[in-house]
Amino acid sequence: MGLKLIWNKLYQTLAAVRTGIFLIIIVGVFSAIGTVILQRPTSEPADIQRTYSPETLMWLDRLGLTDIFHAWWFLLLLSLFCVCLIFVSVDHWPNVWKVYSKPVRFAESHFRASLPRTVKIAVTDEAGALTLVERVLSRFGFKPERVTENGATGIYAEKQRFSVFAVYLVHLSLLCIFAGYIVDGIVGYRGNVSVPEGQALGQITLRDNRGGESKKTLPFLIRCDGAGEETYADGSPKKWWSKLVLIENGKEVAAKTIVVNDPFVYQGIRIYQSSMGQSSTPKTLTFAATAAAGGEPVMVEVPLNGKAALADGESLSVLRWVPDYYVQDNEVFNKSDEPENPAVQLGLTNAKGETKKLWILYSKLNSTKGQDAPYEFALKNATWAKFTGLEVSHQPGQFGVWIGVVLMAFGLVIAFYTQHSRIWATVIEDGKGGKLLWMGGTTNKNRDRFQAKFELIKTALQEQLGDGAAAKAKQKNSKEKTLTQA
Amino acid sequence: MSEARVEQQRPASGAALLVLVGLGIAFALLVALLAAAKTHSGPIYGEANMLYAALVLYTGAATLYMGYGVTGIERYVSAASLLTVLGFIANTAAVAHRWSVAGRPPFSNMYEMLLSFVWTLALLTLIAERVYKVKIIGSITMPITVVSVILMQLLPSDVRPLVPALQSTWLQVHVTLAMLSYAACAVSFALAMMFLIQDNMKTESFQALTSAGMVAIYASILLTRFHAGALGVTAYDMESKSEVMVSRGHPLFIQIPDLGWLYLLVLLSALVPLALYIVGQIKKDASLFDVASKGMFITLMLQAAGLAIFVARVKNGQYGAPEADGLYSTALPANPFLLAGMVGSIVAGLLYLLLLWRREGLQRMMPSADDLDRVTYKIICIAFPLLTLMIAAGAYWANQAWGSYWSWDPKETWAAITWLVYAGYLHMRITRGWKGRRAAWFAILGFAVVIFTFFGVTYLLPGLHAYAAG
């Protein structure tokens with residue numbers, strides 16, 4: 001088989017409406033399956049483990065059924081559908097273009113016979129009859145034109161010829177949407193980052209569709225200058241906000257206070273408020289300091305990265321914060337980020353600048369007693385930094401999607417609410433030496449409405465041409481018809 | 001053959017009407033009982049009272065519409081229409097009151113969505129009746145509004161503040177469009193069913209269809225809730241007026257012992273008419289249809305009994321769960337899916353009986369098959385753009401709230417499938433000229449998918465997974 005033959009065969013297959021319908025049905029069926037089988041990107045891993053046995057899960061994974069919507073064959077199906085849409089449109093284009101650019105303006109006898117709606121009225125004055133037709137059609141909102149072909153004169157009137165393109169607009173809008181989606185699938189990304197108050201971070205965590213994680217560095221740093229939460233009287237959250245500043249090459253380039261539903265957009269990267277929480281790192285720690293000589297304890301609040309002055313030129317600083325400590329070989333280690341079992345190493349600097357290191361192992365003894373220092377310290381309180389949970393996404397293809405949606409809205413309005421109606425009229429011989437005014441019409445959709453209009457035009461013509469009895473009967477008839485159709 | 005049967009029918013008898021009025025009164029009583037269970041407070045023009053007024057008026061209207069369906073007496077329609085208008089006014093007052101109390105349009109939970117849905121459906125019914133002169137449509141849509149309002153009486157109705165993600169105009173646009181398009185889909189479904197009646201589809205085919213619908217409902221209930229003879233229901237804490245959760249997104253299912261077996265029996269009884277129809281079609285034995293009719297009565301009786309026992313056991317008694325210690329109580333509001341399914345199945349059965357008894361009269365009252373076919377198409381031409389914009393508004397909102405306009409979650413996916421089905425309908429109609437029966441079946445399929453998207457995705461799909469482990 002020659003290459004050309006294969007190409008022809010392929011083109012014929014893909015340019016068939018039937019193929020497109022078949023493909024979209026397959027897409028629909030697999031989409032439905034994808035809602036019944038738990039999908040990795042949208043389910044908790046524990047739920048998947050609990051629901052399926054290990055062997056079942058292995059097979060589901062192998063067949064790609066646990067992530068249908070990102071599987072290569074699903075995307076292939078969607079792409080094939082797009083190709084099909086394009087080929088079908090191309091295949092049908094010449095016909096549509098012919099209808100649009102070279103409309104049949106004069107109704108030949110064989111064309112007259114093919115029209116579904118026609119009327120014949122006996123006339124005596126040919127020119128007068130055609131003028132009358134022009135007048136009546138204008139009254140019904142048509143713009144009639146006179147056409148002459150092979151010496152015969154006729155009238156042609158049409159409305160909303162552009163309506164033949166509606167289907168192209170709808171198909172184009174679908175292509176825009178799919179193209180946008182595919183672009184986002186290839187170059188887009190979506191991740192999250194938790195930024196504690198006062199810090200600037202530039203790396204986000206991306207989740208891939210298999211539940212794994214990877215890091216991505218943004219072209220800027222996000223600094224959180226404050227975050228907060230407002231609640232309703234019943235305690236449920238009302239508003240989450242974060243004051244964000246973007247830093248590019250060491251310079252502040254943009255700032256915005258974001259809330260849920262109102263993201264920060266910078267250079268096509270969108271930053272969303274997604275959650276709010278308390279960081280496990282304290283902002284300040286408060287200690288009760290009791291002088292070794294005795295007396296009332298004094299409260300000292302020490303910022304985590306700073307120091308607080310005591311009497312006599314001495315100062316206190318926090319050297320190490322260990323949220324969840326354990327001791328091994330006389331060394332303090334951390335085992336988690338949760339402040340479950342904290343330990344603090346304090347630095348007491350005297351006026352000469354000498355620093356003494358002191359430990360508080362909170363669960364053992366909340367005091368520095370016996371560590372040979374002029375003060376005894378005990379941990380009394382801590383204030384915690386807030387962190388803001390941000391979702392960061394880059395989806396350049398979304399503009400294709402929105403353009404597609406707008407196009408589709410227009411396309412559907414044109415497709416459903418406009419119609420290409422055409423009316424022809426000419427004077428023909430009745431075969432008995434008399435003359436007949438012939439009028440016929442057709443439309444590409446919404447035939448009932450056109451039918452009603454055609455009847456009204458017919459009645460008007462019959463009245464004017466003095467076909468009185470017939471007109472009256474028709475009028476009564478058409479009134480009934482419009483009633484039932486209304 | 002169905003023609004012969006239509007001729008054998010008795011003329012409109014007082015007995016059939018009596019049955020229907022009796023059913024209407026039974027409905028009203030049930031409603032009154034449910035309403036009494038809820039404490040009504042607030043001003044007389046307040047939402048709860050207005051909704052109750054709407055319920056009573058709608059119930060009256062539904063009964064009269066169905067009475068018209070049975071007897072063909074035109075006077076019933078004008079009275080029903082008047083009741084619908086009054087009910088609609090009360091319904092509007094309820095919506096307005098809630099709107100002003102909440103300070104936002106009422107779309108944020110199942111209760112509020114049903115409130116808006118009922119309002120739209122009543123409006124569309126009035127439009128269909130007054131503008132399109134389709135009088136009989138009320139006998140299908142008004143029972144749906146009654147069932148919906150009853151469901152609402154069972155759902156938690158307190159005005160809850162909106163969490164941050166829901167505070168979006170786009171969400172409101174999305175839900176408004178969803179309600180409008182779903183109501184339009186419901187009307188197109190009713191019209192398509194009426195078309196099948198006018199198109200002289202055999203009565204036994206309607207019976208098989210009804211039976212298949214019932215089987216689908218009870219099969220999905222059993223598939224997700226049957227557990228070793230017991231029926232799983234959601235545990236409900238009366239004090240906090242909320243479901244008991246095992247973990248986030250996983251409500252606790254408690255087991256009502258032995259009720260599962262009863263529902264299995266109901267499923268089997270609903271299967272009988274369908275099975276007899278299939279056997280009858282294969283063997284070409286028309287006599288089986290009469291047996292199937294008896295089966296239909298039996299399954300309806302069983303379903304009514306099942307519903308009554310379900311309500312009684314939910315109201316009195318505490319039940320255990322395999323994954324939690326202790327006994328928990330449950331409540332009707334916690335099980336909207338089960339209730340909607342059971343009540344829906346019974347209503348479908350009653351509508352079928354209406355057809356069985358009064359087909360000839362019904363056919364005289366309905367518009368011609370051609371008109372119905374055309375109006376169905378027109379309604380879908382309205383529903384489809386609304387559906388499209390609804391999905392688009394939802395995507396835009398998701399993009400504003402989470403930074404992703406499409407994430408293939410089940411609700412989104414099924415909305416897209418709904419869109420595809422209606423797109424298929426329009427495509428076939430416009431390019432291939434599909435009309436009549438094929439188009440009507442397509443419209444019915446579309447509405448089935450709408451129902452699945454609305455109820456099934458919320459209650460059926462998670463249920464499927466909740467029990468897969470057990």
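Predicted model: local features only at pLDDT ≥ 70, side-chain atom pairs only at ≥ 80, totals over all residues.
# A tour of chains A and B

Chain B has 14 helices and nine strands.

**Stop 1: chain B as a whole**

Select chain B and colour it by secondary structure. Of its 470 residues, 48% count as buried. Now consider which parts of the sequence meet. Among contacts in chain B between residues at least 6 apart in sequence, 80% join residues at least 24 apart.

**Stop 2: the largest nonpolar core**

Select Ala183(B), Ala186(B) and Ile380(B). The largest nonpolar core has 179 residues, and these three touch the most other members. Which residues does Ala183(B) touch, leaving out those up to four places away in sequence? They are Phe117(B), Thr120(B), Leu121(B) and Leu124(B). Another core, of 23 residues, lies apart from the largest one; Val123(A), Leu137(A), Ile155(A) and Trp438(A) are among its members.

**Stop 3: two packed helices**

Select residues 203-225 of chain B, which form helix 8, and residues 288-315 of chain B, which form helix 10. Two packed helices are described by the angle between their axes and the distance between the axes. Here the angle is about 35° and the axes are 11 Å apart. The crossing of helix 8 of chain B with helix 10 of chain B is left-handed.

Show the side chains at the contact. From helix 8 of chain B come Glu204(B), Gln207(B) and Met214(B); from helix 10 of chain B come Phe289(B), Ala292(B), Ser293(B), Met296(B) and Thr299(B). The residues of this contact divide into four nonpolar, three polar and one charged.

**Stop 4: Leu372(B)**

Move to helix 12 of chain B and select Leu372(B), which lies in this helix. Is Leu372(B) buried or exposed? Leu372(B) counts as buried because it has 24 C-beta neighbours inside 10 Å, and the cut-off for buried is 20 or more. Not counting residues up to four places away in sequence, Leu372(B) touches Leu191(B), Met194(B), Phe195(B), Gln198(B) and Pro367(B). For a distance to draw in the viewer, take Leu372(B) and Phe310(B): they are 62 residues apart in sequence, and their C-alpha atoms are 39 Å apart.

**Stop 5: where the chains meet**

Show both chains. The contact between them takes 38 residues from chain B and 41 residues from chain A. On the chain B side, helix 12 (369-402), helix 13 (410-432) and helix 14 (436-468) each supply at least two residues. Helix 12 of chain B gives the most, with twelve residues. By type, the chain B side divides into 24 nonpolar, eleven polar and three charged residues.

Select Ile417(B), in helix 13 of chain B. Apart from residues up to four places away in sequence, Ile417(B) touches Gly28(A), Ser31(A), Ala32(A) and Val449(B). Ile417(B) counts as partly exposed because 18 other C-beta atoms lie within 10 Å. From Ile417(B), draw a line to Leu115(B): the two are 302 residues apart along the chain, and their C-alpha atoms are separated by 26 Å.

**Stop 6: chain A as a whole**

Select chain A, which has eleven helices and 20 strands. Its C-alpha atoms fill a box of roughly 135 × 55 × 45 Å, taken along the principal axes. The radius of gyration of chain A is 40 Å, whereas a compact globule of 486 residues would have one near 23 Å. Of the 486 residues of chain A, 26% count as buried. Contacts in chain A with a separation of 6 or more include 58% between residues 24 or more positions apart.

Now select residues 54-62 of chain A. How many of the nine residues in helix 4 of chain A are buried? The count is zero, and this helix is hardly covered. Just after helix 4 of chain A comes Gly64(A), with a positive phi of about 75°.

**Stop 7: two residues with positive phi**

Select Gln160(A), in the loop between strand 3 (152-159) and helix 8 (166-187) of chain A. Gln160(A) is not a glycine, yet its phi is positive, near 50°. Gln160(A) is partly exposed, with 15 other C-beta atoms within 10 Å.

Return to chain B and select Ala228(B), in the loop between strand 1 (226-227) and strand 2 (230-234). Ala228(B) has a positive phi of about 50°, although it is not a glycine. Ala228(B) counts as exposed because it has 10 C-beta neighbours inside 10 Å, and the cut-off for exposed is 12 or fewer.

Definitions and conventions:
Residues numbered from 1 in each chain as written. Chains lettered and ligands numbered in written order. Core = buried A, V, L, I, M, F, W, Y, C linked by C-beta atoms within 7 Å. Contact = placed C-beta atoms within 7 Å. Helix = DSSP H or I, 4+ residues; strand = E, 2+ residues; numbered from the N terminus. Rg over C-alpha atoms; globule rule 2.2 N^0.38 Å. Nonpolar A, V, L, I, M, F, W, Y, C, P; charged D, E, K, R; others polar. Axes fitted to C-alpha atoms, helices over the stretch in contact; angles between N-to-C directions. Left-handed = near helix turned anticlockwise from the far one by under 90°.
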